[in-house]
Amino acid sequence: IGDIDKMRDSGGVGEGKDGMLAIRDERLLAPDQRKLIGMENANRKTVITGMTKAIIRINRAPENEQNLKQVMPQAVEQFAAIRRDSAKKGWWIQLPNGNWTRK
């Protein structure tokens, strides 16, 4: 996580509106950092899937493909909001409307 924080501190990556770590400026990243970003985003997808399944269970709905697809956007939105809220001052965050801003 320290390496990811360094990338966020530099402005090379930011918190995307989809809850993923988004590359903002390739020039600020070392070549090996792309793999780290991919690994971080894979972890985030796992968390979002878990959140989706939890929301379905809370609503006592069956965990099927249709419900997963229906609830996933809500989980993504909640996860992205958490990431934006927990971003440190100076980090880039993408607002729900797609615009980027520095926190």
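Student: In what order do the elements of the protein chain run from the N terminus on?

Tutor: Reading from the N terminus, the elements of the protein chain follow the order α-β-β-α-α-β-β, and this order belongs to a predicted model. Counted by kind, the chain has 3 helices and 4 strands.

Student: What does the C-alpha trace of the protein chain span along its principal axes?

Tutor: The C-alpha trace spans about 45 × 25 × 20 Å along those axes. The accessible surface of the chain comes to about 6500 Å², with 53% of that surface belonging to carbon and sulfur atoms.

Student: How should I read burial, and what share of the residues in the protein chain is buried?

Tutor: A residue counts as buried when its relative accessible area is under 20%. Of the 103 residues in the protein chain, 36% are buried. A case to look at is Glu 40, which lies in helix H2 and which counts as buried because its relative accessibility is 16%, below the 20% limit.

Student: Which residues is Glu 40 in contact with, leaving aside its neighbours within four places in sequence?

Tutor: With those neighbours set aside, Glu 40 is in contact with Ile 4 and Leu 21. Leu 21 falls within strand S2, which covers residues 21–23.

Student: How many of the contacts in the protein chain join residues at least 24 apart?

Tutor: Among contacts between residues at least 6 apart in sequence, 42% join residues at least 24 apart. Helix H3 runs over residues 65–86, and H2 over 33–58.

Student: Where is Arg 60 placed, and what is its phi?

Tutor: The general idea is that most residues other than glycine have a negative phi. Arg 60, by contrast, has a phi near 55 degrees, a positive value in a residue other than glycine. Arg 60 is found in the loop between helix H2 and helix H3, and it is exposed because its relative accessible area is 78%, where exposed means over 50%.

Student: Which rings does the charged end of Arg 24 sit over?

Tutor: The charged end of Arg 24 sits over the ring of Trp 92, at 3.8 Å from its centre, and also over the ring of Trp 100, at 4.8 Å from its centre. Arg 24 itself lies in the loop between strand S2 and H2, and it is partly exposed, with a relative accessible area of 31%.

Student: What else is Arg 24 in contact with?

Tutor: Beyond Trp 92 and Trp 100, and leaving aside neighbours within four places in sequence, Arg 24 is in contact with Gly 11, Gly 12, Val 13 and Gly 14. The C-alpha atoms of Arg 24 and Gly 11 are 6.9 Å apart in space, although the two residues are 13 apart in sequence.

Student: Where does Arg 102 lie, and is it buried or partly exposed?

Tutor: Arg 102 lies in strand S4, which covers residues 100–102, and it counts as partly exposed, at 44% relative accessibility. Arg 102 and Trp 92 are 10 residues apart in sequence and 4.5 Å apart in space, C-alpha to C-alpha. With neighbours within four places in sequence left aside, the contacts of Arg 102 are Asp 9, Gly 11, Gly 90, Trp 91 and Trp 92.

Student: How many aromatic pairs does a search of the whole structure find?

Tutor: That search finds 0 aromatic pairs.

Student: How many positive and negative side chains does the protein chain have?

Tutor: The protein chain has 19 positive and 13 negative side chains, and the centres of these two sets lie 2 Å apart.

Methods:
Residues numbered from 1 in each chain as written. Predicted model: local features only at pLDDT ≥ 70, side-chain atom pairs only at ≥ 80, totals over all residues. Heavy atoms only, no water. Helix = DSSP H or I, 4+ residues; strand = E, 2+ residues; numbered from the N terminus. Buried < 20%, exposed > 50% of the residue type's maximum accessible area, 1.4 Å probe, protein only. Contact = heavy atoms within 4.5 Å. Areas by Shrake-Rupley, 256 points an atom, 1.4 Å probe, with all protein chains shown as cover. Lys, Arg positive; Asp, Glu negative; His and termini not counted. Charge placed at Lys NZ, Arg CZ, Asp CG, Glu CD. Phe/Tyr/Trp six-rings, centres within 6.5 Å; stacked < 30°, edge-to-face > 60°. Lys NZ or Arg CZ within 6 Å of the ring centre and 35° of its normal.
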